[in-house]
Amino acid sequence: MATTQLHVLKDADLSNNCPECFNQELKLSFYQKHLRTAFYHRITNEVTHELICKKCASTLYPVQWTEDIERVFEYYQKMVHPEKAIIRFNWLFYGLIGLILTIIVVLIFMIKNETLII
């Protein structure tokens, strides 16, 4: 079963006004999606963001943003450098491939020597 993890790429404290409570304590976070299974660890290109007010604890969606918040968001978005998208295989994957190759080699050897009983 695959598990999805969001790794923080960048956190920034903003001093813009919250559209809900007009407080000046906002937190902008950028995340990159990682997938983990028993066989591999995959880093995706998918980068998400989240803007939260620290006082009223509300999540601010892009529809609610003011022009100032949009400008600051674009600035920080340019500063985010996600990790390269790659797949790393775990030892279980290599063990399974080794087991399959061993079975194939044994079967080929038995067929060549005509020792396979069907």
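Setting aside neighbours within four places in sequence, I43 is in contact with Q32, K33, H34, E83, K84, A85, I86 and R88. The model discussed here is a predicted one. I43 itself is found in strand β3, which covers residues 40-53. One of the partners in that list, I86, is 43 residues away from I43 in sequence, yet the two C-alpha atoms are 5.4 Å apart in space. As for solvent, I43 has a relative accessible area of 3%, and because the cut-off for buried is under 20%, I43 counts as buried.

Zooming out a bit, the strand that holds I43 belongs to an open sheet of four strands, ordered β1-β2-β3-β4 and paired antiparallel. The edges are taken by β1 (3-14) and β4 (86-89), each of which pairs on one side only. On average, and with direction ignored, neighbouring strands of this sheet are turned by 30 degrees against each other.

Now for the β3 and β4 pairing: these strands run antiparallel to each other and are joined over four bridges. Within this pairing, H41 stands opposite R88 of β4.

Key
Residues are numbered from 1 along each chain as its sequence is written. This is a predicted model: local features need pLDDT of at least 70, side-chain atom pairs count only at pLDDT 80 or more; totals for chains, interfaces and linings use all residues. Side-chain values use heavy atoms; hydrogens and water are left out. Helices (H or I, at least four residues) and strands (E, at least two) are DSSP runs, numbered from the N terminus. Buried means under 20% relative accessible area, exposed over 50%, partly exposed in between (1.4 Å probe, protein chains only). Contact means heavy atoms within 4.5 Å. Two strands pair if DSSP finds at least two bridges between them. Axes are lines fitted to C-alpha atoms, for helices over the stretch in contact, and angles run from 0 to 180 degrees between N-to-C directions.
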